[in-house]
Amino acid sequence: MKRWLSFGLVLIMCITLLPMTTMAADDRVIWLDEKYDAVWDFSEGLAAVYKDGKWGYIDKTGKEVIPIIYDEANIFSEGLAKVKKGYEYGYIDKTGKVVVPLIYNINGDFSEGLVAVGKFDVSEGLVNDYKSGYIDKTGKVVIPLIYDGVLDFHEGLARVGKGLKSGYIDKTGKEVVPIIYDYGTSFHDGLALVGTEGKDGRRSYIDKTGKVVISNMYNYNDPGDFHEGLARVEIGRGNVGFIDKTGKVIVPLVYYSAFDFSEGLAWVRKINGKFGSIDKTGKVVIPLIYDNAEPFSEGLARVKKDGKWGYIDKTGKVIVPIIYDVAYHFSEGLMQVEKGYKRGYVDKTGKVVVPLIYDIASDFSEGLAAVYKDGKWGYIDKTGKEVITLQFDSAGSFSGGLARVEKDGEYGIMSNPLTKASSAVAEKPSAWAAEQVHAAIVANLVPQDFQSGYTQATTRAEFAALIVALYEKTTGTEITKRTKFTDTSDSSVEKAAGIGVVSGVGDNNFSPNTELTREQAATMLSRLANVIGKPLTKQAVTFADEVSISSWALEAVGQMQVTGIMGGVGDNTFAPKSPYTREQSITTIVRLYDAVK
């Protein structure tokens with residue numbers, strides 16, 4: 001099933017003892033003997049493979065562990081993968097066992113523990129109406145297939161339809177809002193927009209009991225969802241502003257268009273086509289000078305001016321120079337930029353750390369990024385060093401220490417060369433952290449795969465897992481609210497975002513493998529305390545490097561300092577942009593646990 005390419009045991013031993021140099025890669029690749037037409041990237045230790053029109057899965061050794069029998073196969077998430085035979089879908093586990101029978105039409109995926117499914121009603125040999133309902137992850141039908149249309153659950157409720165009318169049900173199937181409306185949106189910030197047509201038609205915002213909170217919304221064109229307590233509204237064409245949850249106009253309707261609020265700011269545009277940003281009082285905090293812009297995420301926003309892209313902070317200060325043809329999103333602390341059809345990487349200060357010399361590049365994952373030049377792919381580290389020479393016809397991103405590669409028509413599985421180099425990373429916590437790390441493990445606050453490599457940097461996804469463990473341990477309830485992202489299906493990320501402790505980085509991406517910084521950790525810990533209902537004491541920051549702390553993190557850092565949940569790094573400094581290690585993450589999680597339990 002496979003063959004190892006090696007230069008011999010002695011040479012391998014020598015390589016592991018020498019400093020990292022550019023590698024030819026063959027000693028780290030399992031080349032697959034089986035000829036596949038396509039191989040996907042790994043997820044949860046398995047990769048989907050395609051051959052002769054069918055899909056199956058291989059494990060990290062290249063062994064076919066799930067037969068190639070499916071017409072469609074998706075990545076594994078929380079131990080399950082959606083697969084298709086003919087026109088019908090179901091779910092299998094990582095052994096290939098069918099968990100949800102392949103008898104449904106499934107357009108989406110699990111949301112808040114349930115997935116919407118549909119099926120034609122067949123009786124006496126006749127195909128009757130198409131009906132929809134919901135199943136759980138065991139395949140159990142939780143809500144019967146009795147509806148003509150359904151949407152995913154959001155904030156604990158889902159919009160369902162019978163005939164041409166809509167209403168809302170909870171996760172037990174109880175109808176909490178009568179099915180009487182002609183249309184409706186999903187709930188956001190606890191409210192949903194519903195309406196009826198006809199001469200007596202009305203449009204209103206309702207709460208989760210069905211009570212009308214804001215009526216007479218027919219004055220506005222297509223009112224938006226609430227975000228951070230405000231909703232975008234428009235009268236006529238090009239008269240846009242914001243209302244609060246009482247219906248009061250907070251931001252006058254003087255703008256041509258506007259984005260929803262994110263991190264306290266919203267982008268607005270006047271008829272001249274230029275974008276600027278306002279706060280929740282309507283005050284312009286960033287002048288209307290940009291040709292395009294995206295919502296703020298972790299204190300930064302991508303902006304375009306005179307045909308070029310860069311990043312600014314919430315004060316309007318340019319962080320990444322607005323000089324690039326394309327500026328992508330940060331991943332593990334670095335971002336792809338493109339100029340003159342060449343790509344490289346910059347850090348969060350805007351410094352070019354990898355020269356713009358590549359034709360194509362990917363985001364960093366597990367410390368490496370796949371890059372393409374002169375017709376071949378290879379891998380670079382965060383200093384720009386080509387760790388794996390450019391030799392492949394295609395190359396995927398690393399996940400779980402593995403990446404898919406292709407060369408001369410053959411597919412292979414490459415192991416991450418940084419894995420060996422990281423063997424020096426502490427498998428036991430440092431002496432100062434040992435007691436609290438042990439206490440956190442005993443309290444079931446630390447996932448199993450986080451109980452090693454204590455001095456290595458924590459990623460955003462890893463910290464999300466700690467957040468979820470603490471929340472569920474403290475509250476005694478599982479997080480059911482989920483927020484989906486394009487670049488990850490990690491359940492902890494979706495849960496942590498669902499309760500508002502973490503957020504994305506733009507374009508519906510989360511950047512799960514980006515290294516967490518100390519100020520980001522402080523902000524997430526502060527939000528977590530608020531969500532649990534035990535907000536932390538506030539105090540002004542007194543660290544000597546206060547000016548280096550981002551404005552959006554200042555309050556949280558002050559809270560960490562006064563409560564002792566996070567301390568400095570010496571010389572009365574906080575080092576806000578420095579990576580946050582696993583042992584630091586665990587010790588602060590257990591300290592917060594002690595503070596809020």
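A salt bridge here is a side-chain nitrogen of Lys or Arg within 4 Å of a carboxyl oxygen of Asp or Glu. Keep that in mind as you explore this predicted model, which holds 28 such bridges.

**Stop 1: Glu 155 and Lys 208.** Select both side chains and you will see them meet in a salt bridge at 3.6 Å, N to O. Glu 155 sits in the loop between strands S14 and S15, and Lys 208 in the loop between S20 and S21, so the pair ties together parts that are 53 residues apart in sequence. Glu 155 is buried at 13% relative accessible area, while Lys 208 is partly exposed at 33%.

**Stop 2: Glu 519 and Lys 577.** Their salt bridge spans 3.5 Å, N to O. Glu 519 belongs to helix H6 and Lys 577 to the loop between helices H7 and H8, so parts 58 residues apart in sequence are tied together.

**Stop 3: Asp 347.** Asp 347 is buried yet has no salt bridge; Lys 351, the nearest side chain of opposite charge, is 5.7 Å away. Show Thr 349 too, whose side chain makes a polar contact of 2.6 Å with that of Asp 347. Other residues touching Asp 347 include Val 320, Phe 330 and Val 353.

**Stop 4: an open sheet.** Finish with four antiparallel strands in the order S38-S39-S40-S41. S38 and S41 stand at the edges with a single partner strand each, so one side of each has no neighbour in the sheet. Strands S40 and S41 pair over three bridges; select Trp 377 and find its bridge partner, Phe 392, in S41.

Methods. Residues numbered from 1 in each chain as written. Predicted model: local features only at pLDDT ≥ 70, side-chain atom pairs only at ≥ 80, totals over all residues. Heavy atoms only, no water. Buried < 20%, exposed > 50% of the residue type's maximum accessible area, 1.4 Å probe, protein only. Lys, Arg positive; Asp, Glu negative; His and termini not counted. Polar contact = N/O pair within 3.5 Å; in protein donor to acceptor, adjacent residues only side chain to side chain. Contact = heavy atoms within 4.5 Å. Pairing = 2+ DSSP bridges. Helix = DSSP H or I, 4+ residues; strand = E, 2+ residues; numbered from the N terminus. Lists of a residue's contacts leave out its neighbours within four places in sequence.
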